[in-house]
Amino acid sequence: MAIEKVWVLAEAGDAGPTPITLELLTEARSVAGTVEAIAWGSDTASLAGALGEYGASTVYDVGDLANALPGVPVASAIAALVEGGNVPDAILIPATYDGRDVAGRLSAKLDVPVLTNVTGLVAGDRLSSQHPIFGGSQIVTATFTGKGPGIFVIRAKSFVAESAGGSAATVTPASVPDAGATNTAAITERHVEESSGPKLDEAPVVVSGGRGLGDAANYELIEQLAKLLKGAAGASRAIVDAGWVPYSHQVGQTGKTVKPTVYVACGISGATQHLVGMKGSKNIIAINKDQEAPIFSVADLGIVGDVHKVLPALIEALKAKG
């Protein structure tokens, strides 16, 4: 195997490594002989079991960042490892807020470019990446030609997370060099949005609403249907920009990428930006009164009708069914 070692930036939530972290570890195993992870937090050792299960042999522990933003200290720690001679062939980074921040700063520190919006990897003499363009209708392949590790920022749901059954990874400290004034920004307050039901990017069923709902009050129909289907409520960028629902509900290129078993698009025309975030769903159901709407081009089942009539009927039928 030409690719000897790949690092994965491992993010963690309350329940352990995030889903995208496990996705990247799974893919890293298929392209490299050795997979290692970089993590941070007050108790990185608690992640060693899960990270090892999905393929990481070593976890470089950046440590507790206190109230610092991850970008500066994590990028500095990774750069120090590389400059000290521990050089991977590639670094896989989640396309998250923190991930993109780390990637940009690491690019500057190592003086190497970044390949973003990656949805596929191809192993060869060097690691190549695949990127969707023109709304996903075409795929381009890119390869780093210069020296240094390739930095790849990868979209969620690009790979399927699968356990390797590995043992707990070895935890090794990764020191953070003094970053001076660049590391003075601090988190002063945190806000956790209250929610119920499955998370949007993990739900087996997603019901999304768009401009065709008419006004913000009608989004309640989306929430009702999603709850009855034990799914999550999503939204198009149009109604997020209009302030009808929070950004956390947005599905699309600048929102979340989802791949549920069932995706129900209600009053969504099917702009390219939205299709990129959901067209990988296993079964797509579209409800729109415009039979020429682009959403029908990717739908497995299309209902040409007014969402204000179709949704209440579906909700009542599901309630009656119990």
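Helices (H or I, at least four residues) and strands (E, at least two) are taken here as DSSP runs, numbered from the N terminus. This is a predicted model, in which local features need pLDDT of at least 70, side-chain atom pairs count only at pLDDT 80 or more, and totals for chains, interfaces and linings use all residues. Residues are numbered from 1 along each chain as its sequence is written, and side-chain values use heavy atoms, with hydrogens and water left out.

1. Helix α8 covers residues 307-321. Just after α8, G322 has a positive phi of about 80°.

2. V307, V310, L311 and I315 are the buried residues of α8 (buried: under 20% relative accessible area; exposed: over 50%; partly exposed in between; 1.4 Å probe, protein chains only). Viewed down the helix axis they fall within an arc of 130°, so they line one face; the arc is that of the directions from the axis to the C-beta atoms. The face turned away from the buried side carries exposed K309 and A320.

3. The buried residues of α8 pack against α5 (219-228), β15 (262-266), β16 (283-288) and β17 (301-304); contact means heavy atoms within 4.5 Å.

4. S76 lies in helix α3 (residues 71-83) and is buried, with a relative accessible area of 5%. Leaving out residues up to four places away in sequence, S76 touches K109, V176, P177 and A179.

Conventions. Expected span 1.5 Å × (residues − 1).
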